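Thanks for coming. I will go through a few parts of one structure, starting with charged pairs and then moving on to strands and a helix. Please keep the picture in view while I talk.

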Amino acid sequence: MEPEIYFPLFETTRAKGRFLYRLFAVSVFVGICLIWVYRATHIPKAGEDGRFGWMCLFAAELWFSFYWFVTQAARWSLVYRHTFKDRLSQRYEKELPGVDIFVCTADPIIEPPMMVMNTVLSVMAYDYPPEKLSVYLSDDGGSELTYYALLEAAEFAKHWIPYCKKYSVEPRSPAAYFVSTASDAVGGQNQNQAGDLALIKKLYEDMATKIENAVKLGRIPEEVRSKRNGFSQWDSYSSKRDHDTILQIVIDGRDPNARDVEGRVLPTLVYLAREKRPQFHHNFKAGAMNALIRVSSSISNGKLLLNVDCDMYSNNSMAIRDALCFLMDEEQGHEIAYVQFPQNFDNLTKNELYASLRVLNEVEGHGLDNYWGMLYIGSGCFHRRETLCGKKCIKGCKSEMMKWDKERREEIAIHELEETSKSLASCTFEENTLWGKEMGLKYGSPVEDVITGLSIQCRGWKSVHCNPTRKAFLGLAPTTLLHALVMHKRWSEGNLQITLSKFNVLWYGHGKISLGHQLGYLRYNLWAANCWATLIYSILPSLSLLRGTSLFPRISSRWIIPFAYVIIAKNIGSFVEYRWCGGTSLGWWNEQRIWLYQRTTSYLFAFIDTIVHNLGYTDSGFVITAKVSDEDVSERYEKEIMEFGSSSPMFVVLATLALLNLYCFAWFVKEAITGTKSIAEVYKAMFLQILLCVVLIVINQPLYEALYLRKDKGKLPSSVAIRSMAFAGFACLCFKFM
C-alpha cells in the first residue's frame with residue numbers, strides 16, 4: 001500500500017532578485033564605510049571653525065548607518081505564502097473550529113456608532129458556518145448609544161447576512177459595499193439582484209437614520225428603551241469611568257429562534273462594557289481585550305480569536321479560511337500561534353498625502369515572515385486562544401486542538417450565562433492573577449500588542465504574515481497631519497518604552513528568537529531614537545552656510561563619490577521599492593516629507609515623553625485617533641491639500657525648521673552674490689550643503705503655503721507663524737554672530 005501523499009494547506013516561496021538586492025546593499029555598505037573613513041581622517045583641529053558641526057554630523061551618520069543596517073533584516077530575504085482553501089474545505093469543513101471575533105471601540109463621538117456597526121456586520125457575514133461564529137463588541141465608552149446601534153444592527157443582520165451569501169458579496173461592510181455598487185456598472189446585475197439590492201439598501205438607510213437620530217439626540221428615547229432588553233443595566237451608570245459590568249447577549253446562536261429571514265442560524269452577538277471604577281487602572285485596549293478573552297471563554301469559547309479595530313472592516317469574507325490554512329496545516333500548523341493580516345486603508349488619496357503602511361505591508365512584513373516572526377500589530381490578527389492564555393509551544397507535539405468541539409453550553413440559560421460572565425469583566429478579577437503579565441495581552445505600554453507578540457514568539461511559537469491579493473481588512477487612515485503625527489508619536493513612544501524595559505528584544509529575545517528577528521523588532525523599537533540624527537542633519541548643515549563653513553567634501557574631491565553614491569543609491573532604491581509596492585511617484589515624495597515630519601516631531605516628542613515617563617513624572621496614556629472629519633477638512637484631504645489648522649507644538653517645530661532652512665539659504669545666496677568669493681568657488685566648496693538645504697526647502701513647500709499663502713481654515717495659525725519666525729531668526733542670528 002502506497003503512503004498517503006501529503007498536500008500542505010499553504011506553500012512558501014522566496015522573492016526573486018535576492019542576489020541583486022544583496023549586491024546593492026553591500027555596495028551601499030562599502031560607501032557608508034568610506035564616509036566613516038573620510039569623517040575620521042578629516043576632523044577639523046581643535047579650535048577650528050566647524051569642528052563641533054563636523055563631530056555632530058559624524059555622530060548622526062554613525063546612527064544612520066547603524067539604523068540602515070538594522071532595516072536590512074526585514075529586506076534581506078522576503079518570503080510569500082499562498083493558501084489552499086479548497087484543500088482546507090475538503091479535509092476539515094465539518095471540523096472547522098469555533099471563532100470568536102472581538103471588535104473594540106472606546107468613544108461614540110470619535111468612533112461613530114454607524115462606523116462601528118459596519119465593522120460588526122462585516123465580520124458577522126464571514127463565509128464561515130454561522131453556528132461556529134461569535135462576535136463580541138467591547139464598548140469601553142459604556143455608551144447606550146453604541147448598545148442601541150448594536151440592537152439595530154442585529155435586526156439588519158437578519159437580512160444582510162443571507163443577502164451577502166446569496167450573491168457572494170464583497171466587501172461585506174454595508175457602507176463600503178453600497179459605495180462599490182454605485183461605482184460599478186449596474187448592468188452586471190440581474191433583475192432579482194437589483195431588486196434585492198434596492199430592498200437591502202432601503203433597510204440599511206432606515207437603520208442608519210434611527211442610529212444617527214439617536215446620536216444627534218444624545219440619548220435613547222424612553223419609548224425605545226422600554227421596548228428593548230438591556231437598557232436597565234444603565235440605571236446604575238454614573239459615567240464611562242464609573243459603572244458596573246454591562247453584558248448582553250444580543251443574539252444567542254444556541255437559540256433555535258435566532259434565525260435570519262431565510263431560516264438559517266445567526267452568529268452569536270454579544271455586547272460588553274467591562275466594569276470601570278476611578279480607583280482601578282483599566283489598562284486601555286489591553287484591559288478590554290483581556291476581559292473579552294475571559295468573557296468569551298464562558299459564552300462561546302472559540303479556539304480561534306480575531307480582534308479588529310472598530311474602523312477596520314472585513315474586506316475579504318474568506319480571511320478566516322486563509323488563517324486556518326496556516327493554523328490547521330498538518331506539518332507546520334501546530335507551531336503557529338497567530339496569523340497577522342496587514343493594516344490597509346480605504347480612504348487614502350491617490351498619492352497618499354500623509355503616507356501609508358505600504359512598504360511595511362508589502363516588503364518588511366514579508367521580510368519578517370522569513371523568520372516566522374511577524375509582529376502582532378493589534379488589529380486584523382487571528383490568535384490561538386491557548387497561546388494568548390500563556391501556553392508554551394512544545395516542539396514536535398502535533399495536537400488537534402484547533403478542531404471543532406461540539407460541546408456547547410446549551411444547558412445554561414441565557415440570563416444565567418450573562419450573570420456568571422459579568423464577574424469575569426469586573427475590576428477586581430485580575431488582582432493577584434497572571435493576567436496582563438503571563439496571560440492575555442501585556443500591560444504597561446501604549447503598544448501592548450507588540451510586547452504580547454514578542455512574548456508569544458519567545459515561548460517558541462511562530463507567526464505568519466498573510467497578505468492575500470484581496471486585502472483582508474480596510475480601515476480609516478488619518479485625514480489631517482496632526483492626527484497622523486499623533487498616531488506615530490504613540491506608536492514610537494510605546495516602541496521606545498519596550499527598548500528601555502525588560503522586554504528589550506536584545507536580551508529578552510536572546511537565545512529565544514534569531515538575531516535577524518531581533519533586528520526586525522529593533523527596526524520599530526528604535527523609531528523615536530531617529531529624531532536626534534535627523535534634527536542634526538536638518539539644522540547644522542544649513543546653519544553652517546551662514547558662516548561659510550564646509551562640512552562635506554568639495555565637489556572636486558574624490559571623497560565626494562561615496563557621499564554621492566550613498567545618497568543616490570539610497571533614494572533610488574527607496575523610490576524603486578515604493579513604486580514596486582504599487583505607489584505613485586508623487587506618493588513616494590509625500591512619503592519622504594512625512595518621514596521627515598515624523599522624525600522631527602512625532603519621534604522627538606515621543607523620545608522626550610518616554611524619558612520623562614521613565615523618570616516617574618508622568619504616566620503614558622492611550623490616545624484615540626479620530627475617525628471622522630469635518631466636511632471642509634475631508635474636502636481638502638480629497639484634493640490632497642495638507643491640513644494644519646491648529647497651534648500644536650509639533651507645528652511650531654516643523655515651521656521653525658522650515659523657516660530656518662529658508663533663512664539660511666536666503667542669507668547664503670545674498671553672501672554668494674555680494675561676497676568676495678565667486679559663486680562658482682562657493683558652489684564647489686559647499687555643494688552638498690547647498691543641495692541638502694534646497695531639498696529641505698522644496699519638501700517643505702506645503703508648510704510655507706500654510707504659513708503665508710493659504711486663507712482656508714487648514715492654514716497654520718498666525719501664532720505658530722510668529723513663534724516659528726522668532727525661533728528661526730534667533731537661531732540664525734546666534735549662530736552667525738556668536
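The side chains of Lys 391 and Glu 386 meet in a salt bridge, at 3.3 Å from N to O. A salt bridge here is a side-chain nitrogen of Lys or Arg within 4 Å of a carboxyl oxygen of Asp or Glu. Lys 391 is partly exposed, at 33% relative accessibility, and Glu 386 counts as buried, at 19%. Buried means under 20% relative accessible area, exposed means over 50%, and partly exposed is in between (1.4 Å probe, protein chains only).

A word on the source: this is a predicted model, in which local features need pLDDT of at least 70, side-chain atom pairs count only at pLDDT 80 or more, and totals for chains, interfaces and linings use all residues. Residues are numbered from 1 along each chain as its sequence is written, and side-chain values use heavy atoms, with hydrogens and water left out.

How many salt bridges does a search of the whole structure find? The search gives 41. One of them joins Asp 322 and Lys 85, at 3.0 Å from N to O. Asp 322 sits in helix α10 and Lys 85 in helix α3, 237 residues apart, so this pair links distant parts of the chain. Helices (H or I, at least four residues) and strands (E, at least two) are DSSP runs, numbered from the N terminus. Asp 322 is buried, at 3% relative accessible area, while Lys 85 is partly exposed, at 24%.

Another salt bridge is between Asp 309 and Lys 285, at 2.7 Å. Asp 309 lies in strand β7 and Lys 285 in helix α9, so the pair ties together parts that are 24 residues apart in sequence. Both Asp 309 and Lys 285 are buried.

Next, the partners of strand β11. Strand β7 pairs with β11 in the antiparallel sense over 4 bridges, with Leu 304 opposite Arg 384. Two strands pair if DSSP finds at least two bridges between them. Strand β9 also runs antiparallel to β11, joined by 3 bridges, and Gln 340 has Cys 381 as its bridge partner. Within β11, which way do the side chains point? Cys 381 and His 383 point one way, Phe 382 and Arg 384 the other, and all are buried.

Last, helix α5, residues 144–167. Of its 24 residues, 19 are buried. The helix bends by about 45° at Ala 157, where the bend is the angle between axes fitted to the seven residues ending there and the seven starting there.

Conventions. Expected span 1.5 Å × (residues − 1).
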